[in-house]
Amino acid sequence: MVIATRQAFLVPYSEALSDLSEQIRPAVVAVRNGRRGSGSGVVWAPNTVITNHHVVQSETAEIVFADGLKATGKVFARDPRNDIVALQVDGSPQPVAIGDSLELRAGQLVLAMGHPLGVENAVTAGIISALPTARDPRALIRSDLHLNPGNSGGPLFDANGEVIGINSMVAGPGTALSVPSHTVQALLANASGRTPHLGLVLTGVLLPSMMRARFGKDVATGLLVTDVEPGSRADAAGVFPGDIVIGVGDQDARYPLRLGEALARASERQNFNLRMIRGGELHEIDLAA
C-alpha cells in the first residue's frame, strides 16, 4: 500500500518533469566561440539568444539550434558585471516563456538544461536555496543544481516552464549560481539606452541629501531624463530633459535597476503614472498610449 501510494505521487511528478524538459528543449541552443570554448544559451525573445558574457567575449558566436541548424549570433547588448550577453540570431525558433524572478521563493523546484561536457540537452533538477533581495537585487539565484562546464548560459526554469534565470557558475559542490530573469530583462530594455515605446533616454542618478530629506528616506536614487524623442508618448505627456523619475506606478526608486525594469514593463500598458522631480518639486504625469 505504501509503495503504491509513492508510485501514485512519483509517476506523475516524473512525467511532469519530462514534459517540462520537452517544452523548453527547442529553445535551448549550443553556443560555440571558436577555441575559446562553448556553452549553452536560450532563445529569450524573437531572434534573440541570451547566454553568459564569459561564454561569448567576442562580437560573434556560432549558435546551434536544437534541430542541428547553425547560425551566426551577433552581440547587441552586454553586461559583464552580471555575466550576460544578448545576441541577435536570425531565424530562431519560438522563444521561451519568461517568468518573474522577483516573485520566486526559497524552496521552489527549478530545473536547468544545457550542453555540459558535450552532452546535448542534459537536464538537472533541484530547489532554490537563496534569492536576490530588495537590498541587493543584482544578487544571483542560488540552488542545489548539479552543473558542469557547458551548462553556462543555459536556462534555469521553474515548475511552470518559465525561464527565471541564466545559469552562470558553480560556487561549490551542490551550489549553482544563476542570473535572475529580471536582470536579463533590464539589459534588453536598456540595450539601446532607450526605454521601449516611451521615447525616453535615461541614466541612473544619486539624489542629493537635501532631496532625500524632502521626498523621503527611500527616495535616494532616480532616473534622469537626458533626452525625449519628439512625438513619442513621453513627449506628448510633457516629460522634459532634466526631469528625474522617482516612481513608476506603485514602484519607487530605491534601486535604479528595479525602477528601470518597472518602467520597461509599464511601457507595454495603455496608461500608467510617472512620479518625477522637476525644479525641486514633485510632479505626477499620466502616460497614455
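This is a predicted model: local features need pLDDT of at least 70, side-chain atom pairs count only at pLDDT 80 or more; totals for chains, interfaces and linings use all residues.

Visitor: What makes β1 and β2 a pair of strands, and in which sense do they run?
Guide: Two strands pair if at least two bridges are found between them, and strand β1 (residues 28-32) is joined to β2 by 5 bridges, with the two running antiparallel. Another of the bridge partners is G39 in β2, which belongs to V31.

Visitor: How do you know that β2 also pairs with β3?
Guide: The same cut-off of at least two bridges applies, and β2 and strand β3 (residues 48-51) have 3 bridges in the antiparallel sense. Within this pairing V43 stands opposite V49 of β3. The hairpin made by β2 and β3 has 2 residues between the strands, and there N47 takes a positive phi near 60 degrees.

Visitor: Which strands make up the closed barrel, and in what order do they run?
Guide: The barrel has 6 strands, in the order β1-β2-β3-β6-β5-β4, and the pairing is antiparallel. On average, neighbouring strands of this sheet are turned by 40 degrees against each other, direction ignored. Helix α2 (residues 181-189) packs on the sheet, where it touches β2, β3, β5 (70-79) and β6, and the direction of α2 makes about 50 degrees with that of β6.

Visitor: Why is β2 described as largely enclosed?
Guide: A residue is buried when its relative accessible area is under 20%. In β2 (residues 38-45), 6 of the 8 residues are buried, and therefore the strand is largely enclosed by the rest of the structure.

Visitor: Why can helix α2 be described in that way too?
Guide: Here 7 of the 9 residues are buried, so α2 is largely enclosed by the rest of the structure. The buried residues of α2 are S181, H182, T183, V184, A186, L187 and A189.

Visitor: Which residues touch the most other members of the largest nonpolar core?
Guide: That core has 34 residues, and V56 and L87 are the two that touch the most other members. Strand β6 (residues 84-88) gives the largest share of this core, with 4 residues. Apart from it lies another core, of 15 residues, including L202, L223, V228 and V245.

Visitor: What is V56 in contact with, leaving aside its neighbours within four places in sequence?
Guide: V56 is then in contact with V31, N33, T51, A61, V75, R78, V85 and L87.

Visitor: Why is N52 called buried?
Guide: The cut-off for buried is under 20%, and N52 has a relative accessible area of 0%, so N52 is buried. N52 has its place in the loop between β3 and β4 (60-64). Not counting residues up to four places away in sequence, N52 touches D83, I84, V85, S152, G153, I166, N167 and S168.

Visitor: What makes the approach of N52 to G153 a polar contact?
Guide: A polar contact needs a pair of N or O atoms within 3.5 Å, one able to donate a hydrogen and the other to accept it. A polar atom of the side chain of N52 lies 2.8 Å from the backbone nitrogen of G153.

Visitor: Why does D83 count as buried, and where is its place?
Guide: D83 has 10% relative accessibility, and because the cut-off is under 20%, D83 counts as buried. Its place is in the loop between β5 and β6. D83 has a positive phi of about 60 degrees although it is not a glycine.

Visitor: How do you know whether N121 counts as buried or exposed?
Guide: At 19% relative accessibility, N121 is under the 20% cut-off and therefore counts as buried. N121 is in the loop between β8 (109-114) and β9 (122-130), and has a positive phi of about 55 degrees although it is not a glycine.

Key: Residues are numbered from 1 along each chain as its sequence is written. Side-chain values use heavy atoms; hydrogens and water are left out. A nonpolar core is a set of buried Ala, Val, Leu, Ile, Met, Phe, Trp, Tyr and Cys residues joined through side-chain atoms within 4.5 Å. Buried means under 20% relative accessible area, exposed over 50%, partly exposed in between (1.4 Å probe, protein chains only). Contact means heavy atoms within 4.5 Å. Axes are lines fitted to C-alpha atoms, for helices over the stretch in contact, and angles run from 0 to 180 degrees between N-to-C directions.
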